[in-house]
Each structure stands twice: as C-alpha cells, then as structure tokens.
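This report walks through selected residues and helix packing. Keep the sequence and the 3D view open as you read.

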Amino acid sequence: MVEPIDTTMRLGRRSFLKGSGVAAAAATVAGTMAEEVAHGADAAPPSSGPGAVEITLSVDGKELKSSIEPRVTLLDALRDYLNVTAAKRVCDRGTCGACTVLIDGKSIYACSMLAIEAQGKKITTARGLMKGDELHPIQQIFWEKDASQCGFCTPGFVTACAAVLAKNPKATFEDMKRAVDGNICRCGTYEQMFQVFEQLTGKGA
Ligand code: FES
Ligand code: FES
C-alpha cells in the first residue's frame, strides 16, 4: 500500500513565505471582492418573493392579472391561475413540447419559463391563433389530415409550426420537421403530420 506523502513536513522557510504571500494576496483579493459584492448589493434591484406578487400577462390578446409566487412557471400560471388551458402539461420538464407557446413570436416551452419573466411579452397559445371560433389554417389542416389522436401534443405542434411559418412563409418540409424536433407525439401521428407539413409547404394535396 502506498502511504500518502506528508507535504507539510517538507516545506522549507522559503516555500512557507511564498505560500504566505499567496495567501495574503488571496485574502486581499477576497476582501476587494467582498467590498464589490457589498457595493453591488446596494445597487441591485429589489428582489421579488418568495411570497405571491401581482403580475400581469398578455395572453392571446388579453391582459390577465393574478397573484403568483415568483417560482411559478408560465405553464402553471396559465393553466392553474389564469384558466388558459390550450398549452398542455405532459412532461413538465422541457422534454415533450406539449406546453409550447409563442413568446413574441418565438416558440418556447411554457413549463421551462417563469411566469414572472413573461411579463411585458406577447404570449400566444394555440387558442389565440384562432380568429374567434374559426380555426387557424394550420389547425384546419391538422384536422383535415386527422393528425391528432388524444390531442395532448397537438397545440404544441401547431404553435411550433406557426412560429416557423411566421418567420419564413417559404419554409420547406425539412424546415417544418426541424421546427417540431422538440415536440413528441406519443400516439405516433407522425405520418399524418408529415402530410400536414407537405400541405403547408405546398407539396401536398
Ligand atoms: S410539458 Fe413542457 S416540455 Fe413537456
Ligand atoms: S395525438 Fe396523442 S400525443 Fe400526439
């Protein structure tokens, strides 16, 4: 068995003094940093929480207010506090895409963003894509192609498709597939979804 070497026993005076110098320098730097942190803390904006705070979210064209703890996700705020249920909760950990909503036109997982961070942004759910009771063209094609079974994944797929087409109306079939590569359909309606993508990109009947 190899015994550990006791390095402290081998330190000469010179090494010890060098080490002391480093320690002193480190202490000085640490002191300076502590001062900076203290000054920074003075300038820091007031923090929120942990209790509930009043927040306003712009969802599907409406200003919705609620009292919500800062730790609450956008998905929970929508579904549990604001009664907006178009975004679905499936994995609740950023892996399935069922909760996809648009934030200022970009698709994001609502389960992976805090509600408090979504203030001042335009949030659009699959419901908000509709005009009154009229389906959005993407939703209409999903319906016509029967690209939905249980339907839990569908709002997420629809909003992800809407995001890519809003950014690039000439998106290709491959662009569509890439746009939904963070969305999962556990019912396996991919064949029908590919038909949707073909129609959306002008390649299908
Ligand atoms: S519920 Fe948000 S990614 Fe699955
Ligand atoms: S239709 Fe059921 S998960 Fe996609």
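Asp 175 sits in helix 6 (residues 173–179). Helices here are DSSP runs of H or I with at least four residues, strands are runs of E with at least two, and both are numbered from the N terminus. Asp 175 is buried, at a relative accessible area of 18%. Buried means under 20% relative accessible area, exposed means over 50%, and partly exposed lies in between, using a 1.4 Å probe and protein chains only. Leaving out residues up to four places away in sequence, Asp 175 touches Val 164 and Asn 168. Contact means heavy atoms within 4.5 Å.

The model is predicted: local features need pLDDT of at least 70, side-chain atom pairs count only at pLDDT 80 or more, and totals for chains, interfaces and linings use all residues. Residues are numbered from 1 along each chain as its sequence is written, chains are lettered from A and ligands numbered from 1 in the order in which they are written, and side-chain values use heavy atoms, with hydrogens and water left out.

**Helix 5**

Val 164, touched by Asp 175, is one of the buried residues of helix 5. Helix 5 covers residues 154–167, 14 residues in total. From first C-alpha to last it reaches 20 Å, close to the 20 Å expected at 1.5 Å a residue. That expected span is 1.5 Å times one less than the number of residues.

Pro 155 is buried, with a relative accessible area of 13%. Which residues does Pro 155 touch, not counting those up to four places away in sequence? They are Ala 86, Lys 88, Thr 100 and Ala 126.

**Packing around helix 4**

Helix 4 (residues 137–144) packs with helix 5 and with helix 7 (residues 190–200). Axes are lines fitted to C-alpha atoms, for helices over the stretch in contact, and angles run from 0 to 180 degrees between N-to-C directions.

| Helix pair | Angle | Axis separation |
|---|---|---|
| Helix 4 and helix 5 | about 130° | 9 Å |
| Helix 4 and helix 7 | about 135° | 9 Å |

The angle makes helix 4 oblique to helix 7. Helix 4 and helix 5 are therefore oblique to each other too. Angles under 35 degrees count as roughly parallel, over 145 as roughly antiparallel, 65 to 115 as roughly perpendicular, and the rest as oblique.

In the contact with helix 5, Ile 138, Gln 139 and Phe 142 of helix 4 meet Thr 154, Phe 157, Val 158, Cys 161, Ala 162 and Leu 165. By class, this contact has 7 nonpolar, 2 polar and no charged residues. Ala, Val, Leu, Ile, Met, Phe, Trp, Tyr, Cys and Pro count as nonpolar, Asp, Glu, Lys and Arg as charged, and the others, Gly among them, as polar.

Towards helix 7, Ile 138, Ile 141, Phe 142 and Glu 144 of helix 4 meet Met 193, Val 196, Gln 199 and Leu 200. The classes there are 6 nonpolar, 1 polar and 1 charged.

**Positive phi in a loop**

Asn 83 lies in the loop between helix 2 (74–81) and strand 3 (100–103). Its phi is positive, about 60°, although Asn 83 is not a glycine. Asn 83 is exposed, at 65% relative accessibility.
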